[in-house]
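Visitor: I'd like to learn how to read a structure one feature at a time. Could you walk me through this one?

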Amino acid sequence: MKRKYLFLVLMFTWLACPGMVSAEEETDAPIPETGKVFTLGEVVVTGKDESKDEIATTDVIDEGRMDLTTSTNVADALDTLPGVFLTIGTRNEKMFSVRGFNQRYVPVFFDGIPIYVPYDGYIDTGKLPTANLSEITLTKGNSSVLYGPNAMGGVVNILSKKPQKKFEGDFRMGARQSNTLESSLYLGSKQDTFYVTANGSYMGSDGYRVSDNFTPTPVQGDGIRENSDVDEKNASFKFGFMPAEGHEYAVGINYIDSTWGLPPQTNSSRPRYWRFTDWQKTTYYFIGDSKITDDLSTRVRVYRDTYYNVLDSYDNDKYNSQTKKYAFHSTYDDFTDGGSLTVRSTYIPQNMTSFSFHYRDDVHKSQGDYNEVWEKYETETFSFGLEDDYNILDNLTFVAGISYDLQKPIDANGGELRDDDSAFNPQAGVHWICLQDLGLHFSVGKKTRFPTLKELYSERMGSNLPNPNLASEEAVNWEVGAEKPLPGRNFVGLNLFYSDIKNLIINKEVSTDLDQYQNIGKAIYKGLEFSFRSGFFKRNMFQLSYTYLNAQDDSPDRTSDHIPDTPEHKIYVSDLYEFCDYVSLFGKAEWYSKRWYEDSDTGWQTLDGFITVDLKLIGTISKNLTAEVGVENMFDDNYFLSDGFPREGRTFFGRLQVSF
């Protein structure tokens with residue numbers, strides 16, 4: 001094992017130092033051209049950078065970076081960032097956490113529209129393709145109050161493309177092992193007063209291969225992972241109208257249709273045979289930007305987000321009968337209606353003052369099995385935010401914000417309603433640029449997350465006890481950071497963070513075969529993020545990031561300090577080397593340290609840390625045509641993100657991209 005890690009260090013050292021030629025000769029690495037950002041989709045606007053919170057750490061993944069790292073979905077793109085940890089569990093969905101906060105605490109937006117499953121607050125970001133995206137913005141810690149409620153650990157805003165030509169497009173086709181095919185088509189057109197975009201993608205696969213180092217079990221043999229096949233279609237359409245300067249309006253629709261298998265736990269004596277036989281999510285939206293005067297503007301969003309799925313449990317690994325007691329046919333039919341209004345004013349010199357209002361109505365309807373009675377749960381959420389961005393000096397900015405959030409129960413399947421829950425959240429911070437280009441920021445803020453409908457009312461087919469009296473979670477987030485460009489096209493950044501959490505909600509065992517979501521008390525998340533980028537050597541771009549996370553249960557009555565699915569360390573390394581104008585080599589490696597999980601029989605256990613290495617050769621055939629061949633998990637590491645769920649072994653792939 002030590003020889004393997006030594007080889008990786010030597011390989012990346014060689015990639016980063018191909019000839020020791022100074023970058024003063026200025027040859028840029030061949031990163032694909034970035035598409036124009038759809039600015040209507042942005043939430044935070046400052047006079048300097050329309051996509052960045054000035055007092056929080058903000059990472060931006062542009063279109064070129066997504067292509068370079070072969071990130072065909074949002075989850076894989078986020079996994080390349082410091083502070084982000086990926087997990088894939090029993091439902092075979094890609095989830096992420098940011099500095100210890102999972103997706104319930106880090107809402108995901110698409111062009112400023114929140115997208116999630118109303119019942120549990122999650123969205124499988126592995127089902128969100130990147131082919132029609134211009135950039136992904138991750139804001140950590142004290143994100144702007146203008147984003148609305150439940151942004152306790154940060155926010156992700158996914159921004160689509162906005163065409164810049166009378167006619168433009170992009171076609172991609174790829175293949176990998178296990179009969180996996182991927183394709184996408186993007187088309188766009190911009191005219192004098194309007195623009196239009198359309199996008200479609202498809203991914204079909206027989207599943208993925210487990211590592212050759214995996215030890216077969218009665219549930220899982222060699223080769224393709226049992227019940228890991230997937231069939232997925234995505235489509236989107238957007239029409240924008242620009243009648244006058246300062247006025248822009250757009251309507252759009254995003255659609256996902258997917259079916260896939262849930263691989264059984266390989267070390268279980270009673271494996272589950274489950275499949276999502278139907279899974280659809282559709283988002284309809286309108287966004288309008290109006291410049292009322294030179295000092296006053298508004299942005300309006302109205303949306304309807306629908307979600308429908310069918311989860312089937314079968315008798316056996318043939319997935320062809322549902323006669324046994326544990327078999328079921330579970331259906332969700334959810335929707336969210338919502339909207340937001342943001343008003344911005346620059347009337348006061350050197351100030352941008354913003355007011356926001358958010359409203360959403362979450363409705364969850366479910367049927368546990370064929371012919372069973374449908375259940376319905378509904379809640380409304382309101383949020384009012386006020387923020388001021390004050391440029392004290394050209395190089396010194398002070399930002400202060402407050403929000404008031406309210407959760408109002410509407411329907412608990414005809415039962416008694418819980419009381420309204422509300423929260424008042426202040427925050428403030430400074431951003432200072434000193435020594436010409438050294439950026440420093442500091443912030444502190446209180447953040448709140450309301451419990452989801454699942455946490456309040458779920459019975460999980462008789463295995464969970466509802467708890468409608470759950471309190472909202474609270475966190476006080478502290479952050480200090482610095483970033484500085486260095487000579488020779490180098491850049492370095494460091495962030496320290498600390499979150500003190502109260503009323504943390506955890507699913508706890510209350511009796512044999514019965515769990516309940518409870519407020520366990522306190523938890524502490526603290527750590528640091530370090531990042532370094534270098535283009536010092538000719539035709540070469542190197543990147544390194546390291547994350548340290550110390551996540552601990554700090555409750556007075558705790559039986560353990562552990563928080564599940566929170567690795568302590570993560571290292572990400574990548575390097576791009578251009579042999580010539582036509583051929584480039586890109587490699588990346590990720591190391592995750594061990595992570596804790598709680599087993600109902602054996603208590604707290606750990607999953608081993610792992611390292612994966614990907615390598616690909618990029619051929620630039622012409623300005624508009626690129627071909628790639630490569631391998632993921634090159635050393636065929638047998639790794640797990642959840643107990644009993646092995647991930648992909650060594651996988652070869654190829655891809656072709658045509659743009660016009």
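Guide: Happy to. Keep in mind that this is a predicted model. Let's begin with a polar spot: the side chain of Asn351 has a polar atom 2.9 Å from the backbone oxygen of Pro349.

Visitor: Where does Asn351 lie?

Guide: Asn351 lies in strand S17, which covers residues 351-367.

Visitor: And is Asn351 buried or exposed?

Guide: The cut-off for buried is under 20% relative accessible area. Asn351 has 13%, so Asn351 is buried.

Visitor: Which residues is Asn351 in contact with, leaving aside neighbours within four places in sequence?

Guide: Ser345, Thr346, Asp388, Asp389 and Tyr390.

Visitor: Where does Ser555 lie, in terms of strands?

Guide: In the loop between strand S27 (540-553) and strand S28 (569-578).

Visitor: Now the nonpolar residues. How do I read a core?

Guide: The general idea is that nonpolar side chains tend to be buried together in soluble globular proteins. In this model, the largest nonpolar core has 61 residues, and the members touching the most other members are Leu78, Ile136, Val156, Ile158 and Tyr525. Take Leu78: beyond its neighbours within four places in sequence, Leu78 is in contact with Ile61, Val84, Phe96, Ile136, Leu138 and Val156. Apart from that core lies another one, of nine residues, including Leu40, Met242, Tyr285 and Ile287.

Visitor: How far apart are Val106 and Val156, in sequence and in space?

Guide: They are 50 residues apart in sequence, with 6.9 Å between their C-alpha atoms. Val106 is in contact with Val156 too, along with Phe96, Val98, Phe101, Gly153, Gly154 and Val155, again leaving aside neighbours within four places. Val106 lies in the loop between strand S4 (101-102) and strand S5 (108-110). Its relative accessibility is 0%, so Val106 counts as buried.

Visitor: Which residues form a nonpolar patch on the surface?

Guide: The patch is formed by Ile392, Leu393, Phe398, Val430, Phe442, Val476, Trp478, Val480, Leu494, Leu496 and Tyr498, and together they have about 870 Å² of accessible area. Strands S18 (375-393), S22 (473-486) and S23 (490-502) each supply at least two of the patch residues. Leu393, for one, sits in strand S18, and Leu393 is partly exposed, with 48% relative accessible area.

Visitor: What about charged side chains?

Guide: In general, side chains of opposite charge can pair when their charged atoms come close. The structure holds 38 salt bridges. In one of them, the side chains of Lys140 and Glu529 meet with 3.2 Å from N to O. Lys140 is in strand S7 (residues 133-140) and Glu529 is in strand S26 (residues 522-534), so the pair ties together parts that are 389 residues apart in sequence.

Visitor: Are Lys140 and Glu529 buried or exposed?

Guide: Lys140 is buried, at 0% relative accessible area, and Glu529 is buried, at 2%. Both belong to a network of salt bridges that links Asp59, Arg99, Lys140, Glu479 and Glu529.

Visitor: What other salt bridges could I look at?

Guide: Lys588 is buried, with a relative accessible area of 13%, and Asp614 counts as buried at 14%. Then look at Lys291 and Asp294, a salt bridge of 3.7 Å from N to O. Lys291 counts as partly exposed, at 35% relative accessibility, while Asp294 counts as exposed, at 67%.

Technical notes:
Residues are numbered from 1 along each chain as its sequence is written. This is a predicted model: local features need pLDDT of at least 70, side-chain atom pairs count only at pLDDT 80 or more; totals for chains, interfaces and linings use all residues. Side-chain values use heavy atoms; hydrogens and water are left out. Helices (H or I, at least four residues) and strands (E, at least two) are DSSP runs, numbered from the N terminus. Buried means under 20% relative accessible area, exposed over 50%, partly exposed in between (1.4 Å probe, protein chains only). A polar contact is a pair of N or O atoms within 3.5 Å; within protein, one must be able to donate a hydrogen and the other to accept it, and residues adjacent in sequence count only if both atoms are side-chain atoms. Contact means heavy atoms within 4.5 Å. Patches are made of residues with over 30% relative accessible area and no salt bridge: like charges are joined within 9 Å, nonpolar side chains (Val, Leu, Ile, Met, Phe, Trp, Tyr) within 5 Å. Accessible areas come from the Shrake-Rupley method with a 1.4 Å probe; for residues, only the protein chains shown count as cover. A salt bridge is a side-chain nitrogen of Lys or Arg within 4 Å of a carboxyl oxygen of Asp or Glu. A nonpolar core is a set of buried Ala, Val, Leu, Ile, Met, Phe, Trp, Tyr and Cys residues joined through side-chain atoms within 4.5 Å.
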